[in-house]
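Good morning, everyone. Please have a look at the model on the screen. I will walk you through a few of its residues.

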Amino acid sequence: AVAAETPPVRVRLTRPFYLSAREVEVGPFRRFVAATGHKTAAETGGGGQVIDPGATEYRTDPKAVWTAPGYAVADGLPVT
């Protein structure tokens, strides 16, 4: 396990939240973004969290957003 992921912490959920039964795919998410102008936390917060091979902690990468997560994206793949 990555050091940033340990130790496990027990939490209590105090209010309802939504959880999807399956992944959101790139194609539908792309259409949602086009229709609403939605920006993800990575897009508004300076980038996404990434971990480099051999590293023990995550870092923020301004280039790591759902449209370019570091590998080719296709409409049928899950949004990351």
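Thr-40 is buried, because its relative accessible area is 15%. Buried means under 20% relative accessible area, exposed means over 50%, and partly exposed is in between, with a 1.4 Å probe and protein chains only.

Before I go on, a word on the source. This is a predicted model, where local features need pLDDT of at least 70, side-chain atom pairs count only at pLDDT 80 or more, and totals for chains, interfaces and linings use all residues. Residues are numbered from 1 along each chain as its sequence is written, and side-chain values use heavy atoms, with hydrogens and water left out.

How confident is the predictor? pLDDT is its confidence in each residue, from 0 to 100. The protein chain has a mean pLDDT of 89, and 95% of its residues reach 70 or more. Confidence is highest in α1, at 97, and lowest in strand β1 (residues 48-50), at a mean of 89. Helices (H or I, at least four residues) and strands (E, at least two) are DSSP runs, numbered from the N terminus.

Back to Thr-40. Thr-40 sits in the loop between α1 and α2 (41-44). Which residues is Thr-40 in contact with, leaving aside its neighbours within four places in sequence? They are Phe-29 and Trp-66. Contact means heavy atoms within 4.5 Å.

Now the rings. Rings of Phe, Tyr and Trp (its six-membered ring) pair if their centres lie within 6.5 Å; planes under 30 degrees apart count as stacked, over 60 as edge-to-face and the rest as tilted. The whole structure holds 2 aromatic pairs. One of them joins Phe-29 and Phe-32, and is tilted, at 5.8 Å centre to centre with 35° between the planes. These two residues are 3 apart in helix α1, so about one helical turn separates them. Phe-32 is partly exposed, because its relative accessible area is 38%. Phe-29 is buried, because its value is 13%.

Next, Phe-29 and Trp-66. Their ring centres are 4.9 Å apart and their planes lie at 85°, so this pair is edge-to-face. This pair links distant parts of the chain: Phe-29 is in helix α1, Trp-66 is in the segment after β2 (59-61), and they are 37 residues apart. Both Phe-29 and Trp-66 are buried. Ring pairs link Phe-29, Phe-32 and Trp-66 into a cluster.

Last, Leu-19. Is Leu-19 buried or exposed? Leu-19 counts as exposed, because its relative accessibility is 73%. Leu-19 lies in the segment before α1 (26-36).

Definitions and conventions:
pLDDT is the predictor's confidence in each residue, from 0 to 100.
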